[in-house]
Amino acid sequence: MGDDIAIRVEHLSKSYDAAGGASARIYVLSDINLCISRGEFHVFLGWSGCGKSTLLNIIAGFVEKTEGHVLVGGMEVEKPGRERGVVFQNADAALFPWITVRRNVEYGLRINGTPKRARDEIVNRCIKLVGLEEHEKKYPDELSGGMKQRVQIARSIANDSEILIMDEPFGALDAQTRRLMQNEVIDIWQKTRKTILFVTHDIHEAVYLGQRISILSRAPNATIIRSMDVPSPYPRRLAQGRLPSLIQEIQGLFDVEYEI
Amino acid sequence: MCLFLLKKGVVTLALLLVIWELASLFNSVDFLPGPVQTVIGGWEIVRNGVLFDYITISFLRIFIGWSLGIAAAVPIGLLIGQFAIVREILEPFINFFRFVPAIGFLTLFLMWFGVEEESKIAIIFYATIFPVIINTIAGVVSINEIKLQVAQSQGASPFQIFYTVTIPASVPHIFTGIRLGLSGAIISIVAAEMLAAQSGIGYLIYTSRLYFRTDWIFVGILTLGLTGYFSDKLLRFFGRTALRRYGVKG
Ligand SMILES: Nc1ncnc2c1ncn2[C@@H]1O[C@H](COP(=O)(O)OP(=O)(O)OP(=O)(O)O)[C@@H](O)[C@H]1O
Ligand SMILES: [Mg+2]
């Protein structure tokens with residue numbers, strides 16, 4: 001096992017107790033195996049309700065697994081941790097409305113007692129990275145949806161999380177802002193070399209962003225039916241090279257899996 | 001213009017005064033004094049300073065009891081909301097005593113705390129704590145799970161989460177509790193000053209009947225109502241300005 005593995009998932013299953021009785025356990029996720037390298041941009045693609053959030057929540061440490069292993073930096077995940085920064089889809093819930101943008105970004109650093117000098121330097125850099133210099137004194141409810149997501153991203157990077165876990169972070173944004181944010185994430189990823197776990201149900205978004213895409217089958221018993229590399233360099237154009245055929249291929253997989 | 005007056009409550013007030021005056025015309029002063037008679041009677045105790053003394057002393061009792069009540073109830077509510085064990089132990093007590101009104105404790109508090117200020121403040125305190133505790137619990141329990149998850153994945157310890165997330169996120173509910181607590185405190189000032197008091201608005205209301213000064217009872221009632229009305233307005237103003245960031249709405 002090389003040092004370049006960020007996350008290893010082995011035979012991971014997750015079941016919830018069936019509402020009716022103890023006998024019938026419903027497995028949402030079943031036998032997920034996965035290996036994510038350090039610095040990889042990994043996208044999980046699957047339709048609504050297939051268990052993408054469940055998978056990310058287990059990796060983030062919010063939800064307990066039923067069987068198998070989830071190793072981050074070689075250690076079994078038991079609870080949330082600093083090294084796994086999370087960007088939530090619901091930015092309104094995920095930001096603290098009673099403090100300014102700057103204070104939100106600073107949150108983790110204050111919590112772990114980083115001295116003010118170092119803190120200011122880091123926060124300035126991260127706010128600049130996401131282009132919020134002009135807005136750092138504002139409060140979250142004075143920001144647009146895209147700006148709120150930038151705050152979340154800056155907050156995780158400021159806290160020096162090695163891994164960014166993003167569950168449909170741009171799902172609530174309009175098409176233009178969405179594309180803008182996608183480019184931004186690519187840019188940030190290239191500058192910081194974080195490991196990114198990104199969930200989406202949008203094939204185009206997956207192909208535009210992912211270095212590697214894991215496609216989930218539908219629930220119950222969802223598993224990864226296929227993992228594929230996207231070798232194209234960034235920035236990508238979805239209409240060029242072998243991307244159109246890749247999109248078609250994935251669409252074909254979905255058509256079979258989801259019987260459209 | 002008409003709508004403006006209606007909005008500001010002027011129409012309601014005028015209507016009330018007219019009905020009150022009309023009703024008083026058919027009754028004796030001792031039974032139902034009208035607004036004019038009430039003002040005349042009220043002027044008497046304004047001029048000799050008694051009313052202002054009474055207002056001051058009642059305000060002080062309300063304020064002290066209410067403040068102490070908040071100081072005790074907020075931590076209790078936070079602990080009950082946060083820790084299941086504390087909830088198991090304390091919730092039955094709270095659900096029992098919150099149905100016993102402050103006035104029920106009048107005699108007991110007199111015995112326990114004496115005839116001085118302590119017993120009156122204890123009544124106000126008692127009336128304040130339940131709405132504050134119950135609303136604070138609601139605030140803690142209704143915190144969005146995501147906020148706690150954010151703090152956890154930023155590396156916050158349970159204690160850090162408690163004071164950086166749980167407390168600020170509960171502020172709107174706590175504030176609602178404080179407002180309800182104030183109305184509870186004002187309501188029970190009459191009970192607090194019913195026995196063994198020599199002054200206060202409650203005392204005025206309660207003893208004026210002995211002198212057949214029904215107009216003074218009305219003065220007392222008006223004073224209490226106006227006190228409540230304006231102190232709540234003031235409190236709400238404070239909420240929507242100073243606590244706006246915490247999500248308190250006027
Ligand atoms: N606490 C729970 N108890 C029981 N079932 C649950 C629970 N949480 C999730 N599930 C079920 O697990 C399945 C997967 O849910 P999940 O939220 O992971 O899907 P998703 O792929 O993220 O969907 P979406 O794209 O809509 O966000 C769903 O069928 C859901 O009903
Ligand atoms: Mg989801």
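## Chain B: helices alone

Chain B of this predicted model holds twelve helices and zero strands. Read from the N terminus, its elements run α-α-α-α-α-α-α-α-α-α-α-α. The C-alpha trace of chain B spans about 70 × 55 × 30 Å along its principal axes.

## The sheet of chain A

Chain A has an open sheet of four strands. Their order is β2-β1-β4-β5, and the pairing is antiparallel. The edges belong to β2 (26-37) and β5 (75-76) of chain A. Each of these two has a single partner strand, so one side of each is left without a neighbour in the sheet.

Now look inside the sheet. Strand β1 (residues 5-16) of chain A pairs with strand β4 (residues 67-72) of chain A over five bridges, in the antiparallel sense. Ile7(A) stands opposite Val72(A) in β4(A). Glu10(A) stands opposite His69(A), also in β4(A). In a regular strand, side chains alternate between the two faces of the sheet.

## A hairpin at the edge

How many bridges join β4(A) and β5(A)? Two, and the sense is again antiparallel. Val72(A), the residue opposite Ile7(A), also stands opposite Met75(A) in β5(A).

These two strands form a hairpin with two residues between them. Gly73(A) in this hairpin takes a positive phi near 60 degrees.

## A helix across the strands

Helix α1 (residues 52-60) of chain A lies across β1, β2 and β4 of chain A. The helix runs at about 120 degrees to β1(A).

## Around ligand 1

Which element gives the largest share of the shell around ligand 1? It is α1(A), with three residues. The residues around the ligand include Lys52(A), Ser53(A) and Thr54(A). By type, the shell divides into four nonpolar, five polar and two charged residues.

Three side chains make polar approaches to oxygen atoms of the ligand. For Lys52(A), an N or O atom of the side chain is 2.8 Å from an oxygen atom of ligand 1. For Thr54(A), the corresponding distance is 2.5 Å. A polar side-chain atom of Glu168(A) lies 3.2 Å from an oxygen atom of ligand 1. On its own, ligand 1 has 640 Å² of accessible area, and the protein covers 55% of that.

Notes:
Residues numbered from 1 in each chain as written. Chains lettered and ligands numbered in written order. Predicted model: local features only at pLDDT ≥ 70, side-chain atom pairs only at ≥ 80, totals over all residues. Heavy atoms only, no water. Pairing = 2+ DSSP bridges. Contact = heavy atoms within 4.5 Å. Axes fitted to C-alpha atoms, helices over the stretch in contact; angles between N-to-C directions. Near = heavy atom within 4 Å. Polar contact = N/O pair within 3.5 Å; in protein donor to acceptor, adjacent residues only side chain to side chain. Areas by Shrake-Rupley, 256 points an atom, 1.4 Å probe, with all protein chains shown as cover. Nonpolar A, V, L, I, M, F, W, Y, C, P; charged D, E, K, R; others polar.
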